[in-house]
Amino acid sequence: MPGMVVFGRRWGIASDDLVFPGSFELFVRVLWWIGTLILYTHHRGHFDCNGKGVLHTYLVGLLVVLALIILSLWSIVYVSAQGTITNPGPRRSIPALVYLRALLYIPELVWACLGAFWVSDDSKGCDLATVGAVVAAVIASWIILLFTGVGVVFVFDPLGNPRTQPAAMEPLGVRDLQSTEGTQFFSTARSLAVKVWESRLRLLCCCLPQDESHRAAFSSIAQLVSRFFSDTDLVPSDIAAGLALLHQEQDKMEQSRDPDDIVTHSPSSPIGEDLEAELEKASHCMQFAAAAYGWPLYIYSNLLTGPCKLSGDCCRSRAAEYDIVGGDHLGCHFSSILQSTGLQYRDFIHVSFHNQIYEIPFFVALDHKREAVLVAVRGTLSLKDVLTDLSAECENLPIEGVTGACYAHKGMCQAAGYIYRKLVNDGILNQAFSVAPEYKLVITGHSLGAGTASLLAILLRPSFPTLQCYSFSPPGGLLSKALADYSKDFVVSVVLGKDLVPRLSIPNMEDLKRKILKIVSNCNKPKYRILLRGCWYELFGGDPDDFPTEMDNRREEELSQPLLGEESLIIRHSSSYQSLASDDSPAHKAAHLPLFLPGRVLHITEDGPSRRSCFSQARYRAEWSNEMAFRSILISPRMLADHMPDAVLRALNSLTSERPFSLCPSSLNDSQHNTI
């Protein structure tokens, strides 16, 4: 549903978004009115204190103002609950009701000032209960006025200026962009959108230095984000409703689908490869990938014992015992790494906590247990890392011997290049292999660190043909198909459950946007019911709701001319959008260069029901998958929790430490099954 247009501009809220805030304020106002009526009834006829005339006028006027506000709020809530997301016809009177409610703020402000005047000058001699009630009413008035102002700021849309909109006589739906006027309009709109998003990024990252590299990153990210939102006219609540509907739709499809065939071996390796051995290696490497996050993750994972274990080591100076660079003045990061990995000081060759855009922390250590020189790259832990994540355009990465298009995620490609120069040009790897020449090179990382580690492995592969890389929860939009296939010989990606990040790429986000538009435009239930049902489903589960669609009760001849059909939510044709009716739009597929997960993919899922008690022990299974299985974003309450490094480490430890209890029945009956 397009944003509501009132006071001559478009706002970031729709006409059906007033049900919940209006209901809450209506509840408060009714209680307030009842309390004021009781107070007035109690004192009627014997106002015998100073300023009794002012008090009488204040209470009577407050009752009248509250009654008018209650009526206006009830009307707003009732009208806002009518219609559907894409059928605002029954809500056409909402702007007038909003104007009426806004006018009622004027007498409310006057009465708040009158109450404050009475309390300050004329309340002497009145009982404390009366004075307290009036003070509470005055404070409540000012609080509501304050929150109203905050709400106005929150829903303000900088792009809602009517002067930047097309002519009023243009159609509401998809507009013709062939004319010079239309092209000029959208060029101006895109430029304004980029500036707005760039300003938002600068405000969000106001604590970062505003140097040339940061400004370039802000501009690049702003262009990417503005392009993504430029072809839709949705408000945030529309997206929330679409995600709720899509989650239930995906759960229905999952429940009705036959169990997938088990992939019994890695797609690019011999059938006899031992999955258990890979899990053992992955579990071991994940300890280093998690350790790279330093003390925040260590304290989070060890709330009771972590602070005590680190307190004695944080301020101890050991600068001479290892090569450490930047960002760990008290030594807490390094102490937590020691605690997490079990290594000794002498085992570390280089530790860097230096952190800038495209420059992320890492450490190099000797892993004597696996006889490896191990490079661990940290994941996202700062605003600078977030900017590296969001620099998601493609960057060429030519690799000798790889045929086909070679490109990768720009931010992580730059970060991998930074670490590569440190390892090679500064002689860090030479130093490590001079100590342990027989060791092999292993690279690991989680999330941002996983993507960077995979690209670093690709860069180092010509010099270290036997290297291995374990990439935990890497981003889905990382490598071109040619590089992804090339990396299968030496990279293993580990994905837990319905983790969002391995499914996150620009094409996948475009696909999600298209699905949200389609499911929202077809649902014939009001938004507040969709959101209530969605919250209940997320919290308590149950059967997915089978929401009827707009098409269920429409005659066939009307389907070609919906009141506000799918394309009403599209303000213009973009290169990523052709038809919501088709799930395989060629334009959609060709809009952005496809990017894939690195290497072979090891997918870990929970065994048993999708929902379990918070106190029950999770049981996991692992199986080989492929990058094509992650070409769609799955909506789930665990889509973020499954990405956390402690959750991935816990799942791997569960699989490796309790293997006899985690084997699938099929693998017990078939010795060649490689599924745990």
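Modeller: Welcome! Helix axes are lines fitted to C-alpha atoms over the stretch in contact, and the angle between them runs from 0 to 180 degrees. Keep in mind that this is a predicted model.

Biologist: Thanks! How do I read helix 14 and helix 16 together, and at what angle do they cross?

Modeller: In general, two packed helices are described by the angle between their axes and the distance between the axes. Here, the axes of helix 14 (residues 410–425) and helix 16 (residues 448–460) come within 8 Å and cross at roughly 55 degrees. Helix 14 and helix 16 are therefore oblique to each other, and the crossing is right-handed.

Biologist: Now the charged residues. Which residue forms a salt bridge with D238?

Modeller: The general idea is that side chains of opposite charge can pair when their charged atoms come close. D238 pairs with K527, with the closest N and O atoms 2.7 Å apart. D238 is in helix 8 and K527 in helix 19, so this pair ties together parts that are 289 residues apart in sequence. Both D238 and K527 are buried. They also belong to a network of salt bridges with D16, D17 and R91.

Biologist: And are K481 and D485, another salt bridge, close or distant along the helix?

Modeller: K481 and D485 sit four residues apart in helix 17, about one helical turn. Their N-to-O distance is 3.6 Å.

Biologist: Is K481 buried or partly exposed?

Modeller: K481 is partly exposed, because its relative accessibility is 33%. D485 is partly exposed as well, at 34%.

Technical notes: Residues are numbered from 1 along each chain as its sequence is written. This is a predicted model: local features need pLDDT of at least 70, side-chain atom pairs count only at pLDDT 80 or more; totals for chains, interfaces and linings use all residues. Side-chain values use heavy atoms; hydrogens and water are left out. Helices (H or I, at least four residues) and strands (E, at least two) are DSSP runs, numbered from the N terminus. Angles under 35 degrees count as roughly parallel, over 145 as roughly antiparallel, 65 to 115 as roughly perpendicular and the rest as oblique. A crossing is left-handed if the near helix is turned anticlockwise from the far one by less than a right angle, and right-handed if clockwise. A salt bridge is a side-chain nitrogen of Lys or Arg within 4 Å of a carboxyl oxygen of Asp or Glu. Buried means under 20% relative accessible area, exposed over 50%, partly exposed in between (1.4 Å probe, protein chains only).
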